[in-house]
Amino acid sequence: MLELTFFNVTNGLIIGAFYALMAIGLSLILNLSGVINFAHGGFLVIGGYLAFTLRPYIGFWGALLVAPFLTAIIGFVVERLLIRRLYGRDPLYSLLLTFGLAFIIEDGTRQIWGANGLPFSVPEALMSPLSTQFFFITGYRMFMVAMVAIVVGVLFVLLRYTRIGVRIRAGTLDLETVAALGVNVRALRSLNFAVGIFLAGLAGVLAAGQIGLEPTMGDSLLMPSFIAIIVGGVGSLTGTLLGGLLIGVASGLTAVVFPSASEAIIYVMMAIVLLVRPRGLLGEEGMMS
Amino acid sequence: MIRPFAALDRRTVIKAGAALGVTQIAAPFVISARGETPIKIGVDNPLTGTYAAPGKNENTGMQLAVDQLNAKNGILGRKVELLIEDSTSGDAGTAVQKARKLIERDNVDFLVGNVNSALAQAMAQVSNEKGILHIVPGGHTDGITGVNCKWNVFRVCNTTRMEANSIVPLLFNTYGKKWHFITPDYAFGHTLYEGCEADLKKLGGTITGNELTPLGVTDFSAYLIKARAANPDVLIVLVQGNDMVNCLKQISQFGIEKQLHVAGTQQELESVEAMPPEARVGIWMFEWYWKQPGTTPGLDQFIADIRKRADGKVPTARTWFGYLTIHAYALACEKAKTIEAKAAAKALADLEMPPEIKMQPNKVYFRGGDHQLMLSAFIGELLHKGDGDPENLFKVNHIIAGDSSAPPVSETGCTMQIPA
């Protein structure tokens, strides 16, 4: 039992790291632009399918680098053409727009690549478990965790130490003042949106190696990511990271005693956090008001 | 100071809800419209969501059958027209709404659907209430031709009990007697598990555990950790669709198939094609397969016709379900000499499918007592890579007649009430 618990906590951390990657992208966009991006799962799908298409030409590693950038460019265009028009309005407008966009992306994927799933293998070097006993710790899963750690680390450094990063963080707290200080808020939001979508694209390529590549693959990953934000706290990227890891571990621990509730537990956690500490564990006060 | 957020009030949420509601009542997609008074067939199957691939494949088979009928004499000299609606993959409310629309507004003569068992059962209530003949091509849960059987409802695909009966003895003799299950936590999974459990216990086997997994789960690692810790002889995977792809992909990444035998009951070409080669392992049952041992009348032509319509892809069991559904309806109407629902239903009961429609050995017919098609089960092994064709990913070792895998009508719970 002890061994099983240890296995599932470790496993939960691995899954949680992936949720955190998705959630941080969502959180970046939510914090600065106030857009609840329901199309985030759709951009994840685009990232995965682009990697599938590019892979025969540039290999897995090339696709891992290029596909998220292409996804970010698509995100940038979508922000410029559609989303920025709704910034001054009720957030429900952008929520509905991205909700519709999610359907369009899903059906567009189906039209271009077909309704059936597509096979996507991980590189042979990462395919095997690291040991027979810890069979669930595969090379690929370790690689995913390392990727998440690197990307999140780089992002945090950028936000902390670069001029743009500081502006994004300041804009999260008080956009009007940032604009009054002469910062081009429109460009800042576009760039920030593209970075968020880059993370979705990267999550898509990583997920394609782990789960089936098919047009609805983003749906089931989107909700845990939203919950990671709510649990961790809106407005705090560290909170989002913590939220992702926490729901992964909670899900893993529940699987030991009551496997069929391992998905439901994350919703229970969300409910408890909302009741006890509505702004989330590390959230900014008043962000959800 | 401003915040990027503004409050969401109740009115805006209601407006959003209303806007979403409107998307549910769009016009049907009329595939063909020929002849003066065509016979209208309403198809209410998933075109979006997780079951879009099987739904579309069933529809491709139906469209081929309709075109073949129209190229000859239609049905009773009348042209045939398909009216296709998207039922969604899991929303019974939408499926019912579309079924009502097809029947009440579009006046269809015959209803087809659904891939999803729950949606199929909900549609059956509507078709029964309206007295419309209805064939379920691909929803497996037993009740459709069991306790909830209806005079107007027929089913093409297997019941879960037929699936279990067709493969459990072979798995038991090949792989061992200690089994661990990964079962989808909804009606289909529960009945399939019960069937396997009953058969296994009859043979003297034991169950080390049953992991119930929510539909649409992406990560199976927690369940696989438990399953491996139980140390069974064989891990039986009962999940379907994308869940099957995810589960087998993770099984192969964890190397579990090298320590335990991995197998299951129902497997589909749609899922197998979505897996990477290393995940294609184990003994499974297909409900129909395009590459059969020996010569099968009509099969080569069927494959060629479907390849032309499906970007070169071969027919799957789903394509064949759709194809047989339309031809079975046509045969019943021709036999009854009318499209009137009760007469056609009576003609369809115990009607044997001709060789070029059944495309498999053994007798294939709709059993009169429960309206279940007696179709063969194709048992064999998955192949890592295509044998002779990239899509030939399964080696058929045994073909078992539906008559021998189906429990007798008396055990299905069906009491067929035929109105006067």
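Colleague: Within what distance do the axes of helix H3 (residues 92–105) of chain B and H4(B) come, and at roughly what angle do they cross?

Modeller: Two packed helices are described by the angle between their axes and the distance between the axes. In this predicted model, local features need pLDDT of at least 70 and side-chain atom pairs count only at pLDDT 80 or more, while totals for chains, interfaces and linings use all residues. Residues are numbered from 1 along each chain as its sequence is written, with chains lettered from A and ligands numbered from 1 in the order in which they are written. Here the axes of H3(B) and H4(B) come within 9 Å and cross at roughly 30 degrees; axes are lines fitted to C-alpha atoms, for helices over the stretch in contact, and angles run from 0 to 180 degrees between N-to-C directions. That makes H3(B) roughly parallel to H4(B), since angles under 35 degrees count as roughly parallel, over 145 as roughly antiparallel, 65 to 115 as roughly perpendicular and the rest as oblique. Helices (H or I, at least four residues) and strands (E, at least two) are DSSP runs, numbered from the N terminus.

Colleague: What is the handedness of the crossing in which H3(B) passes H4(B), and which residues in H3(B) meet H4(B)?

Modeller: A crossing is left-handed if the near helix is turned anticlockwise from the far one by less than a right angle, and right-handed if clockwise; H3(B) passes H4(B) in a right-handed crossing. On the H3(B) side the residues are B:Ala92, B:Ala95, B:Val96, B:Ala99, B:Arg100 and B:Ile103, contact requiring C-beta atoms, placed from the backbone, to lie within 7 Å. The contact has ten nonpolar, one polar and two charged residues, where Ala, Val, Leu, Ile, Met, Phe, Trp, Tyr, Cys and Pro count as nonpolar, Asp, Glu, Lys and Arg as charged, and the others, Gly among them, as polar.

Colleague: How is the crossing of H2(A) and H3(A) handed?

Modeller: That crossing is left-handed, and the axes of helix H2 (residues 40–81) of chain A and helix H3 (residues 91–113) of chain A come within 8 Å at roughly 20 degrees. That makes H2(A) roughly parallel to H3(A). Among the residues that meet are A:Gly41 and A:Tyr49 in H2(A), and A:Leu101 and A:Trp113 in H3(A).

Colleague: What is the order of the strands in the open sheet of chain B?

Modeller: The four strands have the order S8-S7-S9-S10, with parallel pairing; two strands pair if DSSP finds at least two bridges between them. Strand S8 (206–213) and strand S10 (261–264) of chain B are the edge strands, each pairing on one side only. Strand S7 (residues 178–184) of chain B and S8(B) pair over seven bridges, and B:His180 has B:Gly209 in S8(B) as its bridge partner. Helix H7 (residues 221–229) of chain B packs on the sheet, and its direction makes about 175 degrees with that of S8(B).

Colleague: How many residues does the contact take from chain B and from chain A?

Modeller: The contact takes 47 residues from chain B and 46 residues from chain A. H7(B) gives the most to the side of chain B that touches chain A, with eight residues, and that side divides into 25 nonpolar, eleven polar and eleven charged residues.

Colleague: Into which domains is chain B divided?

Modeller: Chain B is divided into domain 1 (26–158 + 291–376) and domain 2 (161–286), with bounds that come from an automatic or database domain assignment. Their C-alpha centres lie 29 Å apart, and 14 residues of domain 1 are in contact with 13 residues of domain 2.

How values were computed: Contact = placed C-beta atoms within 7 Å.
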